[in-house]
Amino acid sequence: MEEVHRRLAEIGYWLPESCRGRRIATNVVRLLVPVASRQFDIVRLQAGIFSNNPVSMRVLEKCGLSVKQFSGTPSRKTA
């Protein structure tokens, strides 16, 4: 598991209402994923989304990322 966590990257995005619905997030994520894969030694790219934001989930789906949902709050290891 340490190897997976060491080679994990996370993306996030937020747009003001005035910029939503113009495919900005979708286009940026679509461009970012292959660049991140080439430039960094990652094995997993993840993004957290709020369950009440299906549009954000749709951005990931449109970019070919698999969406895995978890109930509750995932635990995080802290140093």
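1. Isoleucine 11 is in contact (heavy atoms within 4.5 Å) with Val29, Leu32, Leu45, Gln46, Ala47 and Gly48, leaving aside its neighbours within four places in sequence.

2. On the basis of the model: this is a predicted model, in which local features need pLDDT of at least 70, side-chain atom pairs count only at pLDDT 80 or more, and totals for chains, interfaces and linings use all residues. Residues are numbered from 1 along each chain as its sequence is written, and side-chain values use heavy atoms, with hydrogens and water left out.

3. Ile11 also belongs to the largest nonpolar core, with Ala25, Val29, Val33, Val59 and Cys63. Such a core is a set of buried Ala, Val, Leu, Ile, Met, Phe, Trp, Tyr and Cys residues joined through side-chain atoms within 4.5 Å. Helix H2 (residues 24-39) gives the largest share of this core, three residues. Helices are DSSP runs of H or I, at least four residues, numbered from the N terminus.

4. Cysteine 63 is buried, at 16% relative accessibility. Cysteine 19 is partly exposed, at 21%. Buried means under 20% relative accessible area, exposed over 50%, partly exposed in between (1.4 Å probe, protein chains only). The structure holds zero disulfides, a disulfide being a pair of cysteine sulfur atoms within 2.5 Å.

5. Arginine 44 lies in strand S2 (residues 44-47); strands are DSSP runs of E, at least two residues. Arginine 44 is partly exposed, with a relative accessible area of 37%. Not counting residues up to four places away in sequence, Arginine 44 touches Arg7, Leu8 and Ala9. From arginine 44 to alanine 9, the C-alpha to C-alpha distance is 6.4 Å, across 35 residues in sequence.
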